[in-house]
Amino acid sequence: MAAILRIAFRNLFEHRSKSLIIGILLALGSMILVVGNGFIDASRQGIRKSFIENYTGNVFISGISQEGDVSLFGVTSVGGLAATPTIPQFDTVMAQIKASPQVKSVTSLATGFGIAMRDEGSGSLSSSGTESLEDETKDGELSNETAMARFLFFFGIDPRDYWTVFDSTEISSGEALKPGQTGLVINESQLAKLSDWMKRELRVGDKLVVQGFSSGGMKLREIPIVGTYKQKGDTTTPEQMAFIDIDTLRVMAGMTVGANEDISLEESQTAMLATDDFDSLFGEELFDAAPAQGGFDEKALQTQLSDTRARELANTVDTGAWQFIVVRTVNEAAVAPFIASLNKSFAEQGIAARAGDWLAAAGPYGQSVDVIRIVFTVAIVILSIVAVIIIMNTFVISVIERTGEIGTMRAIGAGRSFIRRLFAAEALVLAGTFSLLGAGLGTVVTLVLRALRIKAGNPFLEVLFGGTYLSPFVTPVNFLSALLAMLLVGYLAHLYPVSVALRIQPVRAMQQE
Amino acid sequence: MSIIEVRDVKKTYPLGKVEVHAVKGVSFSIEKGDFISIAGPSGSGKSTILNMIGLIDKPSAGEVLIEDRPTSGLSDKELTRLRHEVLGFIFQSFNLIPVLNVWENIEFPLLLGRTKVSQAEKKEWIDWLIAEVGLGDWKTHKPNELSGGQRQRVAIARALVTKPGIVLADEPTANLDSSTGEQIIELMKKINRELNTTFIFSTHDAKIVDVADHIIRLKDGLIVENRRLNGADSMDQVKE
């Protein structure tokens with residue numbers, strides 16, 4: 001084997017230009033893998049840290065929706081705004097979680113969306129005091145900037161324990177929400193943007209008119225701003241995130257008692273709802289049918305219409321309802337078994353709740369990194385195929401040039417296996433050497449990028465960077481996987497050329513000039 | 001005792017739609033320790049016969065026996081092994097491995113075999129061969145740093161390193177000047193005497209032919225002369 005390696009090394013050196021072409025390709029591939037994976041890992045780690053420390057904790061418990069997966073951002077459903085389910089038997093679930101020794105801290109949450117509206121004190125107020133999104137620009141289109149300034153993502157919190165579970169939020173003015181207090185704590189940058197949009201300075205103590213929207217419809221509320229906040233450290237918190245008292249959120253998110261009631265209709269009522277002939281609802285038949293069941297009684301109808309119990313039930317806020325429980329655990333390594341044990345327990349007790357990790361809580365937002373990784377992997381696979389083809393062609397040219405030499409080796413007693421090993425050694429030595437160089441260079445590039453502390457200028461880049469600054473890093477696994485990937489590329493690329501070499505007959509030695 | 005026996009061997013090559021009859025049926029035998037020249041003009045079939053004796057080409061008909069062993073039914077692996085153990089090759093264009101130096105080129109066939117030779121024994125043998133071919137001062141030189149004659153000396157040493165019974169040389173002097181060519185033939189003759197190795201070489205150079213003690217002369221794929229110069233001539237087969 002030592003002799004084969006010696007010949008392989010010398011052949012590669014002898015055919016320097018070809019070796020260099022192949023080597024540069026392999027080194028580039030290896031470098032891209034190291035830097036790219038360093039970048040993606042940093043992004044993933046940043047997002048993970050940010051989510052766990054700011055919103056989701058290590059373990060996330062939600063209700064179960066038939067419409068799709070439940071995350072902090074609601075239900076991921078196709079074609080519509082599905083209601084985020086509340087956690088059934090909340091007190092039982094919470095008691096069970098609090099009893100676990102794995103739990104360091106725990107709080108409950110509900111989320112919702114809304115848009116800020118202009119009020120009477122604003123610079124340009126419409127006659128109604130509210131206006132639609134389309135009012136924003138002269139050409140009828142809403143600019144992204146304006147939409148983002150008005151959009152609010154509400155965290156309905158339990159102030160008794162939220163601030164201790166997530167201590168990365170710093171109140172920059174006013175105060176944090178207190179138990180029983182109605183109000184809003186808003187990001188200081190978002191408040192500035194809202195002030196610009198409103199053409200008046202918004203301060204702590206002012207009231208903000210917010211239109212909440214949910215599957216149950218829209219609700220308008222005037223909410224006092226009790227404080228502003230900013231995030232400590234390097235995180236990717238969206239500025240649109242605002243903390244709100246849970247009762248106001250429940251109203252805006254349509255978390256009413258009726259929303260969770262199982263209402264069963266009689267067959268005739270279902271049939272009526274299922275009709276596709278709307279004219280019949282207002283035709284004579286409706287009144288003709290009534291006397292047949294005992295005659296039309298106006299008094300009875302009035303009684304029925306005056307019974308508002310169902311409507312009230314539908315509008316009564318479900319004061320005990322929470323959509324999520326988030327847990328910070330004592331030991332991160334024990335998160336998976338803890339989640340499994342919770343899910344097992346929920347199933348045994350017949351509680352329609354599900355425990356998941358931060359990724360489940362982050363929903364589509366957290367999956368963005370996986371999407372980036374998939375795109376990156378696909379790009380790398382395409383590049384690898386191109387590289388294999390180029391390297392293969394270069395090797396084939398090399399084999400053709402060395403026909404006489406291979407024929408000579410075969411003539412003087414080299415078997416096919418020797419030729420196979422010789423070419424494999426050449427491919428692997430080349431791939432190993434240059435991928436090592438590339439991975440080393442990739443490590444240097446990654447360290448330089450990290451040292452430069454490139455700042456993410458916008459929220460998209462903050463997600464991509466996994467924080468305010470680009471902080472890629474190289475792990476031994478990434479380094480080794482880049483090496484292995486390029487070794488594989490080199491090995492695959494030599495298979496066809498070696499089959500060409502093996503077809504060379506010993507008699508070709510006689511034809512060497 | 002015959003070390004090689006060629007029995008009614010024919011070789012036909014396809015050339016487009018035409019078949020070229022390179023060897024039209026030849027038979028002869030070679031004794032152990034022969035220094036034999038296969039002579040004839042270009043296209044007479046001498047290289048083809050050498051290739052078939054060297055087991056790097058297969059006859060279209062007939063049989064080649066090496067050490068009384070028929071070779072026509074052997075697999076590629078068996079042929080490779082036989083080439084390695086019994087045969088040595090010297091090529092017209094030297095065919096040294098360009099990335100290896102003189103010592104390593106000579107060593108190379110030993111790396112291919114199954115037989116384990118101790119490092120000390122190997123070194124002693126290769127050094128003896130290098131001294132024998134007169135390249136003691138050129139051990140570490142690469143082929144491109146040597147003259148044609150020196151390269152062919154390396155090739156001779158390489159052909160002998162596995163201690164084969166037979167060494168085949170295809171026009172070993174064709175790429176050398178006449179003086180160097182004579183030196184090479186003299187060297188081969190010397191080794192033939194010292195090691196009793198059978199040498200079979202093809203040539204069209206009349207001066208070199210005369211050095212052989214057994215001449216097989218070919219013309220148009222047929223033997224026209226098969227003669228031992230050390231006494232009794234033999235005409236095993238002469239065909240028109």
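The legends below describe close-up views of a predicted model.

**View 1. The largest nonpolar core of the predicted model.**
This core contains 168 residues. Those with the most contacts inside it are A:I61, A:I325 and B:I200. Helix α2 of chain A, residues 16–56, gives the most to this core, with 15 residues. In soluble globular proteins, nonpolar side chains tend to be buried together.

**View 2. The surroundings of B:I200.**
Which residues does B:I200 touch, leaving out residues up to four places away in sequence? They are B:I30, B:I36, B:I38, B:L50, B:I53, B:I166 and B:L168. B:I200 is also among the residues with the most contacts inside the largest nonpolar core.

**View 3. Strand β1 of chain A and its residues.**
Strand β1 of chain A covers residues 59–63, and five of its five residues are buried. From this strand, A:V59, A:I61 and A:G63 point one way, while A:F60 and A:S62 point the other way. Residues on both sides of β1(A) are buried. One of them, A:I61, is listed with A:I325 and B:I200 as having the most contacts inside the largest nonpolar core.

**View 4. The strands that pair with β1 of chain A.**
Strands of a sheet pair through backbone hydrogen bonds, either parallel or antiparallel. β1(A) pairs in the antiparallel sense with strand β11 of chain A, residues 324–329, over four bridges. In this pairing, A:V59 stands opposite A:V327. β1(A) also pairs in the antiparallel sense with strand β12 of chain A, residues 353–356, again over four bridges. Here A:G63 has A:A353 as its bridge partner.

**View 5. An open sheet in chain B.**
Four strands form this sheet in the order β2-β1-β4-β5, with antiparallel pairing. Which strands lie at the edges? They are β2 (18–31) and β5 (69–70) of chain B, and each pairs on one side only. Strand β4 of chain B, residues 61–66, is joined to β5(B) by two bridges. Across this pairing, B:I66 stands opposite B:R69.

**View 6. Helix α1 of chain B lying across strands.**
Helix α1 of chain B, residues 46–53, lies across β1 (2–15), β2 and β4 of chain B. The helix runs at about 120 degrees to β1(B).

**View 7. Chain B as a whole.**
Chain B has seven helices and 10 strands. Of its 240 residues, 44% are buried. Among contacts in chain B with a separation of 6 or more, 69% are between residues 24 or more positions apart.

Technical notes: Residues are numbered from 1 along each chain as its sequence is written. Chains are lettered from A and ligands numbered from 1 in the order in which they are written. This is a predicted model: local features need pLDDT of at least 70, side-chain atom pairs count only at pLDDT 80 or more; totals for chains, interfaces and linings use all residues. A nonpolar core is a set of buried Ala, Val, Leu, Ile, Met, Phe, Trp, Tyr and Cys residues joined through C-beta atoms within 7 Å. A residue is buried if 20 or more other C-beta atoms lie within 10 Å of its own, exposed if 12 or fewer, and partly exposed in between; C-beta atoms are placed from the backbone. Two residues are in contact if their C-beta atoms, placed from the backbone, lie within 7 Å. Two strands pair if DSSP finds at least two bridges between them. Axes are lines fitted to C-alpha atoms, for helices over the stretch in contact, and angles run from 0 to 180 degrees between N-to-C directions.
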